[in-house]
Each structure stands twice: as structure tokens, then as C-alpha cells.
Amino acid sequence: MRILFGVTGGIAAYKAVQAVRLLTQAGHDVHVVPTPNALRFVGQPTWEAISHNTVTTELFESVDEVRHVSLGAEADLVVVAPATADFIARAAAGQADDLLTASLLVTHAPVILAPAMHSQMWKHPATQANIATLKNRGVRILGPDVGALTGDDQGIGRLVDPEDIAQAVDQQLRPKDLVGRTVVVSAGGTRERVDPVRFLGNDSSGKQGIAIAEEALARGAEVIIVAGHLDVHPPRGAEVIKARYTESMRQAIVSLADEADVVIMAAAIADYRPAEPSRSKLKKATEGSELNLKLVANPDILAEISHQAGRDNLIVGFAAETAQGDELLELGRAKIAKKGCDLLVVNEVGEGKTFGFDDNTVAILDREGQIVTQTSGTKREVAEALLDQVVLSL
Ligand code: CTP
């Protein structure tokens, strides 16, 4: 996608460098248009190096190429980050006194603005009226966030994180085939208490579940993440319910499943928990002595919600197996039959595979144990393939 990335004159311009980097890494053709004031914060060579494109900023540069028309006209998407109060005012008024505002008047592409300014400027009725005008015109406003500002103070006005900007761009690209649907995704690994400072856990990073949540959000769903231990951040826009233990995850999932259109159980749930977790820290005995931990089996959440009488939600399970090839698929077929879910994502786990990694190779089985799709790629690509199947099955 060809992106016109406007940068205006605020200190948060340094964060926009990372956003441009994420967008070019995602394969987009990014054309940065800094305002002259933005160049006081981050210079032209940085923007050129990071975007791999030449950068123009003045209206009267390369006039023969009619840049003030071509940049906006050729863009598939316009992003402005940070958008200062002054820029927002000029954009709302329809001014065209620099290359960026001129481009905004020409473009037919969707526009995303990420404001950044001091809280007082953001809250001022003039800024709020300008924001309302832009929203009415169809401009998407991202943030601002609440947090530490440039001075010593705190408040609303921080530029959203670069990852949020990349996520918003990503959302523009996806089909909106989950609008009006509620998707519950369990992600990460559950832990079980051994004593007040120790737990039993597993290697799940939560990356696959979070990738599914991101993809569902991008496709327009309301997303609720029931999160065990995660090594990655949940995406902006999802509701997150923390569920550290299997029992808290069970309670959350069971109470959400009825109202959900789709439940995706990507979490790695502990099969066993200590029968009697110690109230005080277990003490070390002499070297070579044994400690026997008695474990008791946990409830199977996926089987419980899948066997719920009269359910009309779509339930997706995961099968993590250390087998390969036909044996892997046979284990998957036995698992979907036993669990009673509608789709099962079968993946191989083990040394160097799946848990904690960015890539995954999966087969998706239906209730009859037939392979409906097989895919290999990033966890996000696997999420896309899975949600394609979900949409077909709704
Ligand atoms: N699952 C669950 N509750 C459990 C254990 C697993 O809901 N107590 C869910 C997982 O979220 C996953 C699916 O069941 O969607 C399969 O998990 P997996 O670990 O592959 O299988 P298990 O049921 O634990 O069986 P086994 O360990 O014997 O392979």
C-alpha cells in the first residue's frame, strides 16, 4: 500500500520514526511529508533513510511534478503522526499552506490522524471543535493517550505508540467480515500455584492468540482476550481479562461463551495443578532428598463449553502435539471428536517449534476430522487463514 505519512512539528516526531519503520517493514511504500517545523525535531535524512523514499516538504519544491497534487492523489492511505493542534486547526479549516495540508485537500484516501500536544491544548474547545469537524469528514482520530507529557506533568496528549499506528494501518487493509461479531480469544499459558512464590507453567508466549485477536479486531470484531501469562502486548481496542490460573480462565470463558459468536481457545492450559498448594514457602531439604508434588487434573474448558447443550456459538480449539505427519493428524482427529468443538487447529510443538516462535505450521480440521485448510507462515498469517475459515463457518 502507498502511504503518505505526514509529520508535524511536535517532539513526538521522534516516535513517528519507529512508526514509519514498522510500516516499511510491513512492505508498505511510505512517502514521508514533514512540515517545515517537523524538520526542527527530526531531519530530512532520517526520514529518507527510514522510508527508502525521497522526502519533500515545501510546496514550491519539484513544482514541475505538481507534488502537492500527486502525493495526495496517489496515496492509498494518509497518516499524520504526530498531528499538532496547529496542524489540526489548519486541516479542519481546509487550508493548503504547506505540502501536507495541500495533499490532504487532494486525497480521496482514508485519513488517520494521531494527535499529540499538551493536555490544555487538546482539551481546548477550539481543538475539540476541530477534531469534531475532522471526524465528521470521516477522518479517523487515533488517541491521544494519557501519560507522561514532555514536561514533568502527566495527562492526556501523548502520541499513541508506534505499534498502535501500524495496527491502525493494518486494520485498513483487512476485510470487514466480522463486524457485529464478538470473538473471545484465550491466549498465553496458565500457571498453577505450588507455594506463594512458585508456580507450574508452560512455554506458551501467547503470540498465536494475540495474532488472532489482532486479526479479529482488524476485521471489525469486538474482541475479548482472556489472557494467561503473555510475553507480548495485547492489541489496542481489545478488552483484556486477566486469568492467571486455569480456574480463573474457566470462569471467564464459561461466563463469556454464551454471548460470544466465536470462542477461540488458543491458550495453553495447565492440565494439572498441585492438589494442595502450600500456604508458606516450601523449604529446601538436604541435597538429594525428594519432594513429591501431588497433582490433580484441571477441568477441560474447551470440552465444557463445546458440550454445552443448545449452544449456537462457533468454538475453535487448538491441539498442541509433539507428533508429526499422519500421526499428528490422527491425534488431532481424536481430539476434536473428544472435545466436541467445531474447528481444531492442529500444530506441532516441541524443541524449536511453535511455543515462543513467530512462525507456525498448522492444519485446520472440521468436526468430521477433514482438513479444511493447511497453512504455514507467521502467526498473523495463520490467524488470517483461521479467521477465513471461521467466517465461512458462521
Ligand atoms: N484446553 C482446555 N482446558 C484444559 C486443557 C486444554 O480448554 N484443561 C484446551 C486448549 O486451550 C486447546 C485444547 O484444549 O484449545 C487442546 O489443548 P491440548 O493441550 O492440545 O490438549 P489437552 O486437552 O491438554 O490434551 P493432551 O495434553 O492429552 O494432548
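Predicted model: local features only at pLDDT ≥ 70, side-chain atom pairs only at ≥ 80, totals over all residues.
## Helices H9 and H13

Two packed helices are described by the angle between their axes and by the distance between those axes. For helix H9 (residues 207-218) and helix H13 (residues 379-393), the angle is about 55° and the axes lie 8 Å apart.

The protein is divided into domain 1, which covers 2-173, and domain 2, which is made of 182-281 and 289-393. The centres of domain 1 and domain 2, taken over C-alpha atoms, are separated by 38 Å, and the contact involves seven residues of domain 1 and five residues of domain 2.

Between them, domain 1 and domain 2 bury about 510 Å², with 35% of this area on carbon and sulfur atoms. Within domain 1, the residues that lose the most area to domain 2 are Gln167, Asp170 and Gln171, which together account for 69% of what that side buries.

## Helix H1 and its partners

Helix H1 (residues 13-25) packs with helix H8 (residues 162-173) at an angle of about 40°, their axes being 8 Å apart, and H1 and H8 are therefore oblique to each other. H1 passes H8 in a right-handed crossing, with a contact that is made by Lys15, Gln18, Ala19, Leu22 and Leu23 of H1 and by Pro162, Glu163, Ile165, Ala166 and Val169 of H8. Seven of the residues in the contact of H1 with H8 are nonpolar, one is polar and two are charged.

H1 also packs with H2, and here the axes come within 9 Å and cross at roughly 20°; H1 and H2 are therefore roughly parallel to each other. The crossing in which H1 passes H2 is right-handed, and the contact is made by Ala13, Ala16, Val17, Val20, Arg21 and Thr24 of H1 together with Thr46, Trp47, Ile50 and Ser51 of H2. In this contact of H1 with H2, the residues divide into six nonpolar, three polar and one charged.

## Backbone features

Most residues other than glycine have a negative phi, and most peptide bonds are trans. Against that background, the peptide bond from Ala81 to Pro82 is cis, with omega near -5°, and Pro82 itself lies in strand S3 (residues 77-83). Gly143 and Pro144 are likewise joined by a cis peptide bond, for which omega is about 5°; Pro144 is placed in the loop between strand S5 (140-141) and strand S6 (145-148).

His52, a residue other than glycine, has a positive phi near 60°. His52 is found in the loop between helix H2 (44-51) and helix H3 (67-74).

Note on methods
Residues numbered from 1 in each chain as written. Heavy atoms only, no water. Axes fitted to C-alpha atoms, helices over the stretch in contact; angles between N-to-C directions. Helix = DSSP H or I, 4+ residues; strand = E, 2+ residues; numbered from the N terminus. Parallel < 35°, antiparallel > 145°, perpendicular 65-115°, else oblique. Left-handed = near helix turned anticlockwise from the far one by under 90°. Contact = heavy atoms within 4.5 Å. Nonpolar A, V, L, I, M, F, W, Y, C, P; charged D, E, K, R; others polar. Domains from an automatic or database assignment. Buried area = accessible area lost by both parts, 1.4 Å probe.
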